[in-house]
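Please report on the contact and the sheet in this model. Keep it brief.

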Amino acid sequence: MSSLEEALRSKLSELLGSKLAEALEKYGELVLEDVEIEVDELELVLHPGAIVPALKPPVEVRPLKLIETKFEKPKMEWTGKVVEVKLGATKSEGGTRDRVHIVGGETVPAFYMFAEPMPHPPVVAMDVFDMKIRLPKAIKVHFEDVMDDPAEWAKRCVEKFGAEMINLHLVSTDPYIKDTPPSEAAKTVEEVLQAVKVPLCVGGSGDPVKDVEVFKKVADVAEGERIVINSLNLDMKLDDIGPHLKDKDCVVIAFTPMDLDKARELNRKLYDYLPKERIMMDTNIAGIGYGIEYGFTVMERARLAALMGDKELQHPIVAGVTNAWAAREAWIKMDPYWGPKEIRGPIWEAITGLVALLAGADYFMMMHPFSIKTLKEIIDYLGKSPFEIEETPPDWVSAKLG
Amino acid sequence: MFEDIPVDVGVIYEGERIRRKEMYVELGGPKVDYKFELVRVRKPEEVEDGKVVVIGPDLDQLEEGKSYRFGIFIEVAGKQLEEDLEGIIERRIHEYVNYIEGVMHLNQRYDIWIRISKKSFRKGLKSFKIIGKVLQRLFKSELPIIEKIQVTFITDPDKVKEMWEEAMKVYEARDARARGLKDEEVDVFYGCVLCQSFAPTHVCVITPQRYSNCGAISWFDCRAAARVDPKGPIFPIEKGECIDPIKGEYTGVNKAVAERSLGAIKRVWLYSAFGYPHTSCGCFEGVAFYIPEVDGFGLVHRGFKGVTVNGLPFSTLADSTSGGRQIDGFHGISIEYMRSPKFLQADGGWERVVWMPAELKEKVRGFVPDEILDKIATEKDVGNVEELKEFLKKVGHPIVKRWEEAPPKEEVEVAPEAAPEAVAEAVPVIAEGQIAIGGFRIKMRNVKIKAKKLIIKRRGK
Amino acid sequence: MPWKAISPIEVYKLLPRTNCKKCGEENCMAFAVRLVNLEVKPEKCTPLVEDPKYRKNYEKLKELLRPMVREIEVRSEKKTVIIGGEYVMFRHEMTYLNPPPIAIDVDDTMDKEELAKRIDIAENFRYEYIGRELTLDLIAVRSVSNDPEQFKKTVRFVSNNSSLPLVLCSLNPDVIKAGLAEVPGGRPLLYAATKDNWREMAELARKHDLPLVVSSPGNLDMLMTLANTLEKYGLSDLALDPGTFVGSKGLSYTLSAFTMLRWRACNEDYRLAGYPLVGTPISVWSSMNGDKQTKAWWEAITAAMLITRYADLLILHSIEGWVLLPLVILRFNIYTDPRKPVAVEPGLRVIGDPDENSPVMVTGNFALTYYIVAGDIEAGKINCYLLVIDTEGLSVESAVPGRKFLPEKVAEVLESSGIAEKVKHRILIIPGKAARLSGDIEDATGWKVMVGPLDSKDIPKFVEEKWRPEVIEELMKE
């Protein structure tokens, strides 16, 4: 229990420190002017004959000045590294592409720019199909007149929309759709290789038996171009297709359905046939509302495990962002408040892509020109140094906004 | 693969039921006394690859609508095959026979029940040799470690009985070996990462005496799987040195687990729920949970509908131990592990178990001595921890001895000193010789005292 | 690095261990398990809180269970919103707990009509997603006029016309003070203390016991300085605004700032970073050039980035449905507990316009499964009835071997849905992955079973080829 006197004494010694005792010792009396003391609770006990104030300690001392503190960057230890994979081959390497992309090489998680710069910007590739397929109107409107001709379609992507790479999906080879024979599919690939000079990725129909045959023929005609085969999975006869693709110098996408253990297993099996630098992983991503969080978490875990030393996951990650269009909200007509589907679809795809980007995806398969443009801008912005900031931060608090 | 087979073969037929009126003929089943299916591993020279033999009348010689004694006998050979894998291969007969359109196969071993539909018979499935062919192709493509396979169907009633007797002996020997194999007797355990969940990298370590947490995979299953699919989800773990046989700590296991979990889990005690318990992902069959009031364990299985003796349901207890974490005293396990002689041996085994659901008790009866099993309380005996204590005392459960040796701490640890809190009531202050008596109080908040001048004098002098 | 899991035994040791049941649990161990699962708070054990002899244990327990990011309540008279309270940096380490609330702004120069419109959207925004209602959470009232009286009027109007908690935004302490008078029963969040006004803002926050945002756009040293100073000032409900920038001069900084702060809080237990992070995508509207739609677009993108990376509160300006919809769904998705599969209600779903001859299909109630299956059926323009059975949130693939895809459940839903009255036939199409249960399902329901494709994307094809009158007739005859 302290009295007013004691409280004062303690406050003053805080303010003046040992000097108080010193000063009193020396001078015997101190006079302070314009003193302000704050007390949270002051209890006056009034007794007949005496007023004895009682104080509730403690009287708090508030800082008068800012206490300078430095922010230190996180301490992190990453022991693993993602392999670098080259996509496409130029003339000097035996191909006919006008450029080569390199993806991967990370030593820190996605966009930890405060620790390390991104070794290579992620690549955004545009989807093309080898036959006219049902597409949401928002996309169709850009390609309707070329959808019957994959080579023209690819050209449209590169020439009009600046695509840096093409994903050609040979869906007509599906035994239940057109069952296009491998040799014919290979011809389509040749046409596209002629029509555009960006690196090429070729996808099958998803049928594990047919795809093996198709991939073989495709690899044959594309020999030297270092094309990307989309994709191999655990249901396929890997001992059949693996060596062939190695021989033809292809890059391979290893696809597993959002399951890290299967992803490791598939990679393990592929290592028997292909060097690590020829393998990318697609752990599958779904759109907002349709399982995006599963895809995001599997990707993020895969990338973090790779950086923590898991040798079976150290590959660039592929994101099939086009899957975002499977979400109803991306293509159906909704109540006017939810906006026109012409903008809903693209924002759906763009945000799905962004989420994959933040998880560590290095290679994107997308469709809508505007979503693609946005994602490339995001990649550009995020790839800048985090120490390059707007001189004067914008004032949104007191500004009249539009 | 089956273009020459008159009926369709595929996964979609796996569950098809053939009703009595649809069936052409029934083989085995509840009406028949002797039926069996058996796989034996032989030396390569003893097996003729692709051969199918029928001892007794073939399918088209059987009378429509009738039930017959039946035996399926499969002999296999291959460099990587051994007797221990027979059971695993045998289990697949059920799967593969079911893939055939119009053929239904239920149960296993000496319980098999097969029906062939009239429709399929009409389509051309008129000989067991066809079934034999299909089986051979499926076995060889799914289990490439089978290099040679020979199938024999027995419909001769006497021969069935004769071979049945031999088969029974084989089953018994197998079971005895499976139950009898000790962890000490093998050099290799297996790790399994088949669990599809969002646990940080969790590995199940499966030993001959410690089943997988999900209850689906034994050490033998792992052995086969690792051979069949060396790059698959099941992989061998060299035991290494045994650091502690009671707790079940092995250098090899620690190393494998540390690698797999990227350092998150460094040590595992296979036979304990304390310290460094084996982790779980989320699909375990049961949970062992510590009950401090009696210093013992409760067990509960996934199917248990109510709350356990401590008032929590399975799901809440499961949450506290899932996700690949090592939680002292809370442990996800399989029911088969409960039947193992090594069950929680570091903690006292079954003598430390004080409560379990009645249903679960019956599942382990025969593997746990009745004298102890009957002293374990169930939801029918007690409803809470106080009643449990009384029950245990009444039946003389061995746990009571533990109490006598070291009574469970129930007294609260009183804080060593009262916290230096301000006393709530104001007390009169004696200042400068004054004594205050009686009076009243005024409490003020957020008081600011402003003084134009404040004089501080040193006392005395 | 990851948050260390605690054993209930450790927690139990700090409880009174009297099994008094005041917390609602049967005994202290049960309460300990619930605490460890983060299902309840220690304060539920009233003896622990009230009895001085447990004081030390209570403090220890609070410390043991403390989240790495402080939890703050922002309240109106009617509603409470939680900010922060997170334990882990990555959701897969355990789960995120409190989805970042979204605040829509109004300003004190808006006329009543505009105010009413925006308040209406903030209050009544609703989207039904897998049986849950997604909503907005707060209203941020900004002062553009810098006039305390005007601000006061606006805050009054907002308070009277909405039930949502508020964020009061001004860097002028006098303006904030004026606004405070109009929210007597609430606990609004104050935005913000900066290096120029911190003393006055801190005083307001301290006096009224209000949470306070600390803002230092672009300068993390100053942010920590402010946080440290205000902590010493006596404030504990702080939130941090490191600055939300867009474009090539700042988006990278913002992402890094949020990431670094969250890392230091969760993985290094650096207390000054252990406060909720405030994202302000609204800043796009003053920093970007371009038309409204472009700004709204980038606001959506920025908000999505911050939802994915660690924002505990978002202040937005757009009220467009196409901006908010992907954000509220994404927020829900990211903040789902990864350990618990999300399930939909079992029962009958009508897809398209089925009639008495339309197919009847069965699937499990894992939300993802349901959405994919329903989506594939819709995309294929099939009219059918879809029966969803309770597989405890597991996918068909897991439920079948896990013995959760039960024929009895199929029978149950069949019965309760009254589907028998809606269709003439008695044929059920089951997922290909449930083939092995076809016989059992026939037995349990008395209906005939057709085994459907393994992948729902093949359903349209399957229906086209196999769902024909001849086939139906055949099956019904058997």
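How many residues does the contact take from chain C and from chain B? It takes 38 from chain C and 43 from chain B, contact meaning heavy atoms within 4.5 Å.

## Basis

This is a predicted model: local features need pLDDT of at least 70, side-chain atom pairs count only at pLDDT 80 or more, and totals for chains, interfaces and linings use all residues. Residues are numbered from 1 along each chain as its sequence is written, chains are lettered from A in the order in which they are written, and side-chain values use heavy atoms, leaving out hydrogens and water.

## Interface of chains C and B

About 3,500 Å² is buried between chain C and chain B. Buried area is the accessible area (1.4 Å probe) that two parts lose on being put together, summed over both. Carbon and sulfur atoms give 51% of it. In chain C, Ile9(C), Arg17(C) and Met29(C) lose the most area to chain B, together 14% of what that side buries.

The two chains share 6 salt bridges (a side-chain nitrogen of Lys or Arg within 4 Å of a carboxyl oxygen of Asp or Glu). One salt bridge joins the side chains of Arg17(B) and Asp440(C), at 2.4 Å, N to O.

## Sheet in chain B

In chain B, 4 strands (DSSP E runs of at least two residues) form an open sheet, order 4-1-7-6, with mixed pairing. Pairing needs at least two DSSP bridges between two strands. Strand 4 (67–68) and strand 6 (103–106) of chain B are at the edges with a single partner strand each, so one side of each has no neighbour in the sheet.

Strand 1 (residues 23–28) and strand 7 (residues 113–117) of chain B pair antiparallel over 5 bridges. Leu27(B) stands opposite Ile114(B) in strand 7 of chain B.
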